Amino acid sequence: MKTILRASAICVLFAGSAVALTGERMAEIPLDKMSPAQRTVADAIMSGPRKGMSGPFNAWLRSPELADRLQKVGEYVRFNTSLDKRINEMAIIMTAQHWGSQYEWYAHAPLAIKAGLDPPLSSPLAPGENPKHEG
């Protein structure tokens, strides 16, 4: 049951994050233009396991306190989960497929394959596809 709850939490976090991922909606904040609070969060993200600021962080930085809390939760459920990396990444791309989140799928499908998911299993999970359920 804990595994299902953890996978669900991961899915909800990443699906919800996918709504504000592109720089087209909000201009990127250059590091030298960030407030001290924004820069602290950006530095924590870049020095952590993600190693970069891609994803929802540009939008989140509009509220540094929220950004810090969300990025810590995201880091914990993604990098400190008890789930096998393959299962964790599969849960993320399954959620991306369900919600039609193209960015999340394209960001995580290669990570799922790198973690050991067979490439033919990831293709039907792409946004816009209709995976067949066999029972």
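1. In this predicted model, the largest nonpolar core is made up of nine residues: Ile29, Met34, Val41, Ala42, Ile45, Phe57, Trp60, Leu61 and Ala67. Helix H2 (36-47) and helix H3 (57-60) each contribute at least two residues to this core. The most come from H2, which gives three residues. In soluble globular proteins, nonpolar side chains tend to be buried together.

2. Val41 is one of the residues of this core. Beyond its neighbours within four places in sequence, Val41 is in contact with Leu61, Pro64, Ala67, Asp68 and Gln71. Another core lies apart from the one described above, and its eight residues include Ala96, Leu117, Leu125 and Ala126.

3. Helix H4 covers residues 64-79, 16 residues in total. From its first C-alpha to its last, H4 reaches 21 Å, close to the 22 Å expected at 1.5 Å a residue.

4. Which residues of H4 are buried? They are Ala67, Gln71, Gly74, Val77 and Arg78. Viewed down the axis of H4, the buried residues fall within an arc of 135°, so they line one face of the helix. Glu65, Arg69, Lys72 and Tyr76, on the other side of H4, are exposed. An α-helix has 3.6 residues a turn, so residues three or four places apart point the same way.

5. On confidence, the protein chain has an average pLDDT of 82, and 77% of the residues score at least 70. Confidence is highest in H2, at a mean of 96, and lowest in helix H1 (residues 2-17), at 59. Where pLDDT is low, the predicted coordinates should not be read in detail.

Terms used: Residues are numbered from 1 along each chain as its sequence is written. This is a predicted model: local features need pLDDT of at least 70, side-chain atom pairs count only at pLDDT 80 or more; totals for chains, interfaces and linings use all residues. Side-chain values use heavy atoms; hydrogens and water are left out. A nonpolar core is a set of buried Ala, Val, Leu, Ile, Met, Phe, Trp, Tyr and Cys residues joined through side-chain atoms within 4.5 Å. Buried means under 20% relative accessible area, exposed over 50%, partly exposed in between (1.4 Å probe, protein chains only). Helices (H or I, at least four residues) and strands (E, at least two) are DSSP runs, numbered from the N terminus. Contact means heavy atoms within 4.5 Å. The expected span of a helix is 1.5 Å times one less than its number of residues. The arc is that of the directions from the helix axis to the C-beta atoms. pLDDT is the predictor's confidence in each residue, from 0 to 100.
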